[in-house]
Amino acid sequence: MNIIISIVVITMLFCTEEETYTFINQMNAGHILKYKVDQLINIELGGAGELQQGSNYILTKRFLGEKGGFHLIESTMTKMISTNVFLDRAATDFGATELNNIPCILYIDKNGEIDHIESEYPHLEEAFKMHYLSMGHTTELYPFGKDAINISKGQTWTMQLDSLSVFLGDGSLESIMSYDAVYTLKKVKIKKGRKIAYINEEAQVKCDLQMIVGNEYMEGIQTGVFETSYIYDIEAGEIILHKMSADMYGEYELNDMTFTSPLNISNIMKRQK
């Protein structure tokens, strides 16, 4: 009788053990990923008008393997449409559209961050920095931080990034950002035999901003919240869908103006077949 009870107890323990998941992007040489990207940044300029930067394009990543301690990714934007509005004057963003169909190489360090970017066209590197090192960028290897290991459904974990370099405006000036994120694994579904995770992120963000907009220097301090939802293919190690919205508030100086104003960011990235 005791043997039967022991077997039942052991069986119940195994049945109730919760499955856990680890989230690390796969970067196998030769693999290709393609995404459709839509992004928009909008800031009111103290009643004088607004600054709005919007773009949409197809992003193709081809993984090249490792070299000199870095993971190498060939990244190309195609079908690029990009526009700017500055003080109510709209114009095509020729700095961004110059990048259309031009590949560059991203050098990814051991933390999954972009260390540097190389291109056959050095004069385009500032524009590449603006696109790949912006407020909407995601680490390439650890999309949800290094602590996203053995996570169970409903569990939360954190990631902190300090002194993160970002490039806004025309991409020529460095801004410094801190990023304190909390992630939650909401659920895992089985779709077509694959495990698909649904993850939410809320991040407290502070940015010491400086940038050139419309040939004018602008600086300020911003604080706010980034909210992001992800759909992630666990077995493939790939983001399927990334949807981010950010509400920031800051104090700025532009020419002789000093003003406080909200800044809004949206970014949607969806995997393509």
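**Note on the predicted model: ring pairs, charge pairs and strand pairing**

1. The count of aromatic pairs in this structure comes to 11. The model is a predicted one. Among the pairs is that of F23 and W157, whose ring centres are 6.3 Å apart; because their planes meet at 5°, the pair is stacked. This pair joins distant parts of the chain: F23 belongs to the loop between β1 (20-21) and β2, W157 belongs to strand β9 (residues 156-167), and 134 residues separate them. F23 is buried, with a relative accessible area of 0%. W157 is buried as well, with a relative accessible area of 6%.

2. An aromatic pair of the edge-to-face kind is made by F144 and Y183, with 5.7 Å from centre to centre and 70° between the planes. This pair also links distant parts of the chain, with F144 in the loop between α3 (125-132) and β8 (151-152) and Y183 in strand β10 (residues 174-191), 39 residues apart. Are these two residues buried or exposed? F144 has 0% relative accessibility and therefore counts as buried. Y183 has 1% relative accessibility and likewise counts as buried. The residues of both pairs belong to one cluster, in which ring pairs link F23, F144, W157, Y183, Y230 and Y232.

3. The next points concern salt bridges. Side chains of opposite charge can pair when their charged atoms come close. The count of salt bridges comes to 7. One of them is formed by K61 and E140, with 3.0 Å between the closest N and O atoms. K61 is in strand β3 (residues 50-67) and E140 is in the loop between α3 and β8, so this pair ties together parts that are 79 residues apart in sequence. Both K61 and E140 are buried.

4. E74 and R62 form another salt bridge, in which the closest N and O atoms are 3.2 Å apart. Since E74 is in strand β4 (residues 70-86) and R62 is in strand β3, the pair ties together parts that are 12 residues apart in sequence. R62 counts as partly exposed, because its relative accessibility is 35%.

5. R271 and E238 form a salt bridge whose closest N and O atoms are 2.6 Å apart. The pair links distant parts of the chain, R271 in strand β14 and E238 in strand β13, 33 residues apart. Through shared partners, salt bridges join R194, D233, E238 and R271 into one network.

6. Strand pairing can be followed from β11 to β13. Strand β11 (residues 194-213) pairs with strand β12 (residues 216-233) in the antiparallel sense, over 18 bridges. Within this pairing, A197 stands opposite Y232 in β12. Strand β12 is in turn joined by 16 bridges to strand β13 (residues 238-254), and these two run antiparallel. Here T223 stands opposite Y249 in β13. β12 and β13 form a hairpin with 4 residues between them, and G237 in the turn has a positive phi of about 65°.

7. A further hairpin is made by β6 and β7. Strand β6 (residues 104-108) and strand β7 (residues 114-118) are antiparallel and pair over 4 bridges. Y107 stands opposite H116 in β7. There are 5 residues between the strands of this hairpin, and G112 takes a positive phi near 85°.

8. Two individual residues complete the note. S261 lies in strand β14 (residues 257-271) and counts as buried because its relative accessibility is 1%. Beyond its neighbours within four places in sequence, S261 is in contact with residues including I43, E44 and Y249. N42 lies in strand β2 (residues 32-44) and, at 15% relative accessibility, counts as buried. The side chain of N42 makes a polar contact of 3.0 Å with the side chain of Q52. Leaving out residues up to four places away in sequence, N42 touches E50, L51, Q52, P262, L263 and N264.

Key
Residues are numbered from 1 along each chain as its sequence is written. This is a predicted model: local features need pLDDT of at least 70, side-chain atom pairs count only at pLDDT 80 or more; totals for chains, interfaces and linings use all residues. Side-chain values use heavy atoms; hydrogens and water are left out. Two strands pair if DSSP finds at least two bridges between them. Buried means under 20% relative accessible area, exposed over 50%, partly exposed in between (1.4 Å probe, protein chains only). Contact means heavy atoms within 4.5 Å. A polar contact is a pair of N or O atoms within 3.5 Å; within protein, one must be able to donate a hydrogen and the other to accept it, and residues adjacent in sequence count only if both atoms are side-chain atoms. Rings of Phe, Tyr and Trp (its six-membered ring) pair if their centres lie within 6.5 Å; planes under 30 degrees apart count as stacked, over 60 as edge-to-face and the rest as tilted. A salt bridge is a side-chain nitrogen of Lys or Arg within 4 Å of a carboxyl oxygen of Asp or Glu.
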